[in-house]
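Dear colleague,

Please find below the structure that I am handing over to you. My notes on what was found in it follow directly after.

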Amino acid sequence: MSRRQGSGIRDPGSGVGDQEPGVRDRGNPGALLRLESCTRAFGGLVAMKDVDLEVHPGELVGLIGPNGAGKTTVFNVITGIYEPTAGKVLFDGKDISGRKPHQVARAGISRTFQNIRLFRALSVMDNVRIALHLRHRHSFPAALFRTPGVANEDRAQTEEAHRLLEALDLGHLSGEAAGSLPYGEQRRLEIARALATHPQLLLLDEPAAGMNDQETDRLMEIIREIRRVFGVTILLIEHDMGLVMGICERIYVLDYGEVIAAGLPEEIRADPKVIEAYLGVENDEL
Ligand SMILES: Nc1ncnc2c1ncn2[C@@H]1O[C@H](COP(=O)(O)OP(=O)(O)O)[C@@H](O)[C@H]1O
Ligand SMILES: [Mg+2]
């Protein structure tokens with residue numbers, strides 16, 4: 001089987017927490033995001049099965065699992081790209097299952113994609129300005145005649161775009177074409193764009209994919225920093241356990257579409273089911 005490929009568990013560490021595994025993963029009515037028994041099938045293939053997941057305001061939560069485990073499907077169901085076949089998605093207490101992607105975005109959820117989506121021919125600055133534009137929309141006559149309000153807002157948008165680019169270490173590249181940037185910087189630009197809509201919840205799909213170790217370390221610092229500066233709650237998909245263990249407060253592990261473990265990083269690291277799901281990699285490849 002080649003669906004698994006990956007880094008396995010790095011640095012198993014020593015400490016096992018004294019918390020009961022899984023105690024913290026359910027039952028909080030104040031959750032910002034809550035998936036209740038969410039299932040999504042594609043024909044006969046169940047990509048996501050009975051998934052229960054919660055993210056509380058201000059948390060940084062990881063979602064990990066081998067390739068093909070269903071991680072991106074979870075994001076696609078949250079953001080309205082796919083409707084759940086069964087179950088519910090609640091955001092801020094409201095049922096958003098079945099809403100369209102633009103409605104979900106307007107409700108306060110923003111995401112990046114595993115396959116980068118940028119306007120490659122446009123500058124880094126314009127990529128962010130376009131995203132900002134979606135938030136501030138003027139009436140057509142006001143925009144046409146560039147009333148003073150519009151001019152002021154243009155200036156405010158340029159300033160905000162600069163702030164976002166600085167936060168993502170991209171300030172010095174604002175005039176470059178997005179498509180000419182190295183991979184790691186394109187991924188950071190995607191995050192800047194996602195933040196431009198002022199989301200309450202930011203979903204990052206494998207933000208470190210294609211980055212070297214140094215870029216990955218820097219990205220972890222940036223992710224911590226944007227949570228603090230922008231006050232955003234983050235759900236992060238990662239294939240690499242090392243990255244997730246380093247920054248996430250709680251972690252969910254998916255395997256074959258099901259949550260096989262949920263808890264603190266040290267609990268996840270020591271969980272035999274998780275170790276097996278990841279070690280399947282090496283065994284498969286032998
Ligand atoms: N639109 C789709 N149509 C058919 N199968 C899909 C679709 N999206 C995802 N899948 C399948 O669902 C499973 C989970 O995929 P995915 O969520 O992308 O996994 P991950 O992000 O964990 O690698 C895979 O077997 C994938 O081929
Ligand atoms: Mg994926």
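Asp-169 is partly exposed, as 17 other C-beta atoms lie within 10 Å of its own. Please bear in mind throughout that this is a predicted model. Asp-169 sits in the loop that runs between helix H5 (148-167) and H6. Its phi is near 60 degrees, a positive value in a residue other than glycine.

Glu-206 also has a positive phi, near 50 degrees, and is likewise a residue other than glycine. Glu-206 belongs to the loop between strand S7 (201-205) and helix H7 (213-230). Is Glu-206 buried or exposed? With 20 other C-beta atoms within 10 Å, Glu-206 is buried, because a residue counts as buried once 20 or more such atoms lie within that distance.

**The nonpolar core**

In soluble globular proteins, nonpolar side chains tend to be buried together. In this model, the largest nonpolar core has 70 residues. Val-128, Ala-192, Leu-235, Leu-236 and Val-253 are those with the most contacts inside this core. Helix H6 (residues 183-196) provides the largest share of the core, namely six residues.

Neighbours within four places in sequence aside, Val-253 is in contact with Ile-64, Gly-65, Val-259, Ile-260, Ala-261, Ile-268, Val-274 and Ala-277.

**The four-stranded sheet**

S2 also takes part in an open sheet of four strands, in the order S2-S1-S4-S5 and with antiparallel pairing. S2 and strand S5 (94-95) stand at the edges with a single partner strand each, so one side of each has no neighbour in the sheet. Strand S1 (residues 33-42) is paired with strand S4 (residues 86-91) in the antiparallel sense, over five bridges. Within this pairing, Leu-35 has Val-89 in S4 as its bridge partner.

With kind regards

How values were computed. Residues are numbered from 1 along each chain as its sequence is written. Chains are lettered from A and ligands numbered from 1 in the order in which they are written. This is a predicted model: local features need pLDDT of at least 70, side-chain atom pairs count only at pLDDT 80 or more; totals for chains, interfaces and linings use all residues. A nonpolar core is a set of buried Ala, Val, Leu, Ile, Met, Phe, Trp, Tyr and Cys residues joined through C-beta atoms within 7 Å. A residue is buried if 20 or more other C-beta atoms lie within 10 Å of its own, exposed if 12 or fewer, and partly exposed in between; C-beta atoms are placed from the backbone. Helices (H or I, at least four residues) and strands (E, at least two) are DSSP runs, numbered from the N terminus. Two residues are in contact if their C-beta atoms, placed from the backbone, lie within 7 Å. Two strands pair if DSSP finds at least two bridges between them.
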